[in-house]
Amino acid sequence: MTGARRLPFGLLALWGATRLLLLLFVFKVYVFPGPDVTGDVSVIYQGWYGTLRTGTYPLDDVTWQYPPAAALAILSPALLPFLDYASAFFVLALLADLVVLALLLYTGGRPGRSRRGAWVWVVGLPLLGPTGYARYDVMVTAVAVAALLAGSRHPRAMGALTAFAALLKVWPALLLLGARGRTAWAWAVGTGLAVAALLALSMPGAFAFLTFQRDRGTEVESLGALVFHVARQFGWDGQVLLNYGSVEFLGPYVDTVSDAALLLSGVAFAWLLLWRVRARRFAPHTLADAAFVGVLMFTATSRVISPQYMVWLVGLAAVCLCFRASRMGLPAVLVLVASFVTVLEFPIWFAHVVTSDWLGVTLLFVRNGLLVLAAVRSARVLWQDTVPGAAREPLPGRAARTKEPLGS
């Protein structure tokens, strides 16, 4: 067996050890510091599960802010009827995590690929603590990773998987940013319409989430929230309350900051459209790089930056680094560091974030600053790699060689 195909036992051992630790935390064998993050599964998800089993979406619950296929993720613990709801959910989250690892390892062993991506996933997910297994985002990420790795070689599969992932949680629609040709787009539209229609006909209220999502405000961990964290130091008289399923700022000027966040997202979208029109050089890794950039931009500018959003970014960064030619190494490292800071601000020291003291505000400035820096850096790299005439930064070794005299 060649070295390229040899099983990476060190990587697998690290995955096993870190995932065992995550399971010990979500099963509460050991108590993770801060508020209990598993309540979303045992209380909210399980409550939705009871409603969904009656044949309707949670129409009277404003915290239901997810596309119609999310019902399948919430109902998935029924596949393990010998376990209670929460236990079954955590086991399925572990299996989704394992699927991502298997996909990254398989891809990383092919010519021109790298197992750097598998290392990013193995190291990155546990940096978020038990939150990674206590939300259904790891399941969505597994589908998104499969879609990106199908890529240009299997555009039909890529389009179908992307559509399904987007109906689980909207963000995977951005995976199509770098897709070339019509096949992936056609299969995404066709699959999306078919699955959405099936779910809408099966249960009423499939698209009620649009109204609930529209009414959300500025969540305390978002980039815009920093305005109010600082303003509280100077007497701003707003409040921090649980609103629409997240801890948000309520009070004067909150609507203005929320509108500004939407404007920033609009600017990001406009830049992505400009990039797509100008881009001409497409390499095998461009599809993953573009998806990573798009999701980074929309995460950084969102009115809400929930801790589980980092699961998406870790997964996409891992796919980028599966390609040896991808230059997303620095943004990926920034995302990993931001993931570690995220677990510090939630759940470990979330009380400090809510009270806007120096520790909480510092953690948010660092985490959100890292996300903004990663978004700007990754966007610059994507532009340089794909747009004709863009000045590309030379690799360090190549730069050194170009400075040598011609006769040396």
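# Reading the labels on this model

Me: Which residues of helix 6 and helix 7 meet?
Reply: From helix 6 come Val-140, Val-143, Ala-144, Ala-146, Ala-147 and Ala-150, and they meet Ala-157, Met-158, Leu-161, Thr-162, Phe-164, Ala-165 and Leu-168 of helix 7. Sorted by class, this contact holds twelve nonpolar residues, one polar and no charged ones. Do keep in mind that the model is predicted.

Me: At what angle do helix 6 and helix 7 pack?
Reply: The angle is about 160°, and the axes of helix 6 (residues 137-150) and helix 7 (residues 155-168) lie 8 Å apart. Helix 6 is therefore roughly antiparallel to helix 7, as the label applies to angles over 145 degrees. The crossing of helix 6 and helix 7 is left-handed.

Me: Why is helix 1 called roughly parallel to helix 5?
Reply: Helix 1 (residues 9-26) and helix 5 (residues 116-124) cross at roughly 20°, and their axes come within 9 Å. The cut-off for roughly parallel is under 35 degrees, so the angle qualifies. Here too the crossing is left-handed.

Me: What makes up the contact of helix 1 with helix 5?
Reply: Helix 1 supplies Gly-10, Leu-11, Leu-14, Trp-15, Thr-18 and Arg-19, and helix 5 supplies Ala-118, Trp-119, Trp-121, Val-122 and Val-123. Their classes come out as eight nonpolar, two polar and one charged. Arg counts as charged, and Gly is placed among the polar residues.

Me: What makes strand 1 and strand 2 edge strands?
Reply: The three strands of the open sheet run in the order 1-3-2, with antiparallel pairing. Strand 1 (218-219) and strand 2 (239-243) each pair on one side only, and that puts them at the edges. Helix 10 (residues 225-232) packs on this sheet, touching strand 1, strand 2 and strand 3, and its direction makes about 60° with that of strand 3.

Me: How do you know that strand 1 and strand 3 pair?
Reply: Pairing requires at least two bridges, and strand 1 and strand 3 have two, in the antiparallel sense. One example is Glu-219, whose bridge partner in strand 3 is Glu-248. Strand 2 and strand 3 (residues 246-250) are joined by five bridges and also run antiparallel. Val-240 stands opposite Phe-249 of strand 3, and Asn-243 stands opposite Ser-246. In the hairpin of strand 2 and strand 3, two residues lie between the strands, and Tyr-244 takes a positive phi near 55°.

Me: Why is Leu-313 called buried?
Reply: Its relative accessible area is 0% and the cut-off for buried is under 20%, so Leu-313 qualifies. Leu-313 lies in helix 13 (residues 309-320). Beyond its neighbours within four places in sequence, Leu-313 is in contact with Phe-292, Val-295, Leu-296, Thr-299, Val-335 and Leu-371.

Me: Why does Phe-323 count as buried?
Reply: Phe-323 has 7% relative accessibility, so it falls under the 20% limit. Phe-323 is placed in the loop between helix 13 and helix 14 (329-348). Apart from residues up to four places away in sequence, Phe-323 touches Gly-112, Arg-113, Arg-116, Pro-284, His-285 and Ala-288.

Me: Is Gln-308 buried or exposed?
Reply: Gln-308 is buried, with a relative accessible area of 9%. It sits in the loop between helix 12 (286-301) and helix 13. Leaving out residues up to four places away in sequence, Gln-308 touches Thr-131, Arg-135, Asp-137 and Lys-169.

Me: Why is Lys-28 called partly exposed?
Reply: Its 47% relative accessibility lies between the limits of 20% and 50%, so Lys-28 is put in the middle class. Lys-28 belongs to the loop between helix 1 and helix 2 (39-52), and it has a positive phi of about 65° although it is not a glycine.

Me: What makes Tyr-253 exposed?
Reply: The relative accessible area of Tyr-253 is 61%, and exposed means over 50%. Tyr-253 is found in the loop between strand 3 and helix 11 (254-278). Its phi, near 70°, is positive in a residue other than glycine.

Methods. Residues numbered from 1 in each chain as written. Predicted model: local features only at pLDDT ≥ 70, side-chain atom pairs only at ≥ 80, totals over all residues. Heavy atoms only, no water. Axes fitted to C-alpha atoms, helices over the stretch in contact; angles between N-to-C directions. Helix = DSSP H or I, 4+ residues; strand = E, 2+ residues; numbered from the N terminus. Parallel < 35°, antiparallel > 145°, perpendicular 65-115°, else oblique. Left-handed = near helix turned anticlockwise from the far one by under 90°. Contact = heavy atoms within 4.5 Å. Buried < 20%, exposed > 50% of the residue type's maximum accessible area, 1.4 Å probe, protein only.
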